[in-house]
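I opened my notebook to record what I could look up about one protein and its ligand. The entries below follow the order of my search.

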Amino acid sequence: MEDAAQSQSTPNAAFTPRVFSGIQPSGGLTLGNYLGAIRRFVDMQESGVQTIYCVVDMHAITVWQEPQALLRQTRELTAGYIAAGLDPEKSILFNQSQVAEHAQLAWIFNCVVRMGWMKRMTQFKDKAGKNAEEASLGLFGYPALMAADILAYHATHVPVGEDQKQHLELTRNTAAKFNHDYGVDFFPMTEPVIEGTATRVMSLRDGSKKMSKSDPSDASRINMTDDADTIARKIRKARTDPDPLPSEDKGLEDRAEARNLVNIYAALSDATVEDVLRDVGGKQFSEFKPMLADLAVAKLAPISKEMARLMEQPDEIDRVLGRGANRAREIAAPILHRTYDIVGMLRST
Ligand code: AQP
């Protein structure tokens, strides 16, 4: 797969820099989504490139979602985007199902990607677990829809957490195979942007698992809507080891839970892990955990307060998403039309 992407010759310089990313409304937003994704989304918005951020509701239904919960979570995620600093005037914000081009391009990509590529996707294996026969076809095909999300906008950069690296590689390989099969230089080689100290925030209960909104244990994650007491309690109960914090990074080797809490502290305080350890090295967790809880509350409380305020005006959220969908379609429709022409699909003009 790597080779296919590398042999693709289209220089990305031929494409206008454009950022696309999305989050599933499959539950409440977590600190992992915030630090690994949304904060990067805001940075990119402020950098001046065109930014497109999606609430990927079609991805969310690859596993069962209660319809009323899906609606509420779609609005809540949009409120989270805006409360965290995304501006619907500067960025295009919309929900995926309102722009049919995602599904239309995904079908074409379903015919480009190979079964063998999909079978290697670790996220499918993790999510389907031992019961793969019962998983939806949508969950298996998820990465082809993700490739369509990105390539429908000719996006050149995608800010994501570490867990999405493999899917991004599949996007690049899909673009490369399409370009190769049809003899065109049409889709760009999209670059993942995986940066910062919190590209993989881990569960508070198990340092080997990522923090996830669909983890059955609420104690495993910090939700963006948790109140101060809940955040403090979850951090107090977070699993750790009995040793004091080290003064240097190498002292965190083989201490996944300790590393996770230090990484979160560093990300929330915009510091490096080395800086944090210089300050807290030698402290016991009984002293460090309250420091982390205070910092998390200080950073998250204004966001959750603003989310709650925005959620009181669901019509306004729906209007933002509707406007964003129209703007998104203006970019995606001509790219889809051109794709149809390349593939040889007749369309009346
Ligand atoms: N723990 C995490 N640390 C850093 N980044 C994370 N992301 C998710 N969890 C972490 C990043 O958030 C973005 C949106 O993810 P998603 O909602 O599309 O799907 P996901 O990666 O599967 O996230 P969840 O929270 O685990 O959702 P569920 O439980 O529904 O599967 C991505 O950029 C992701 O990297």
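**Entry 1: sorting the shell.** I needed a rule before counting. Ala, Val, Leu, Ile, Met, Phe, Trp, Tyr, Cys and Pro count as nonpolar, Asp, Glu, Lys and Arg count as charged, and the others, Gly among them, count as polar. I also noted that this is a predicted model. Then I asked: how do the residues of the shell around the ligand divide? I found six nonpolar, eleven polar and five charged.

**Entry 2: who comes nearest.** I looked up the 22 residues around the ligand. Ser 26, Lys 127, Asp 163, Lys 213 and Ser 214 come nearest. By the rule above, Lys and Asp are charged.

**Entry 3: which elements supply the shell.** I checked strand S1, residues 18–23, and helix H2, residues 31–46. Each supplies at least two residues of the shell. Which element gives the most? H2 does, with four residues.

**Entry 4: polar atoms by the ligand.** I looked for side-chain atoms beside ligand oxygens. For Lys 127, I found a polar side-chain atom 2.6 Å from an oxygen atom of the ligand. For Ser 212, an N or O atom of the side chain is 2.6 Å from a ligand oxygen. For Gln 24, a polar side-chain atom lies 3.1 Å from an oxygen of the ligand. Next I looked at cover. On its own, the ligand has 640 Å² of accessible area, and the protein covers 98% of that. I also looked up the space that the ligand takes, and this space is the largest pocket.

**Entry 5: two Asp residues in loops.** I turned to backbone angles. Asp 254 has a phi near 60 degrees, a positive value in a residue other than glycine. I placed Asp 254 in the loop between helix H10 (228–237) and helix H11 (256–268). Is Asp 254 buried or exposed? Asp 254 counts as exposed because its relative accessibility is 83%, and the cut-off for exposed is over 50%.

Asp 270 also went on my list. Its phi is near 55 degrees, again positive in a residue other than glycine. Asp 270 is found in the loop between H11 and helix H12 (273–280). Its relative accessible area is 63%, so Asp 270 is exposed.

**Entry 6: Ala 60.** I found Ala 60 in helix H3, residues 57–60. Ala 60 counts as buried because its relative accessibility is 0%, and buried means under 20%.

Notes
Residues are numbered from 1 along each chain as its sequence is written. This is a predicted model: local features need pLDDT of at least 70, side-chain atom pairs count only at pLDDT 80 or more; totals for chains, interfaces and linings use all residues. Side-chain values use heavy atoms; hydrogens and water are left out. Buried means under 20% relative accessible area, exposed over 50%, partly exposed in between (1.4 Å probe, protein chains only). A residue is near a molecule or strand if one of its heavy atoms lies within 4 Å of it. A polar contact is a pair of N or O atoms within 3.5 Å; within protein, one must be able to donate a hydrogen and the other to accept it, and residues adjacent in sequence count only if both atoms are side-chain atoms. Accessible areas come from the Shrake-Rupley method with a 1.4 Å probe; for residues, only the protein chains shown count as cover. On a 1 Å grid over the protein atoms alone, a cavity is a set of points where a 1.4 Å probe fits but cannot get out, and a pocket is an open set with protein on both sides within 12 Å along at least five of seven lines; lining residues have an atom within 4 Å of a point. A molecule sits in a cavity or pocket if more than half of its atoms lie within 2 Å of its grid points.
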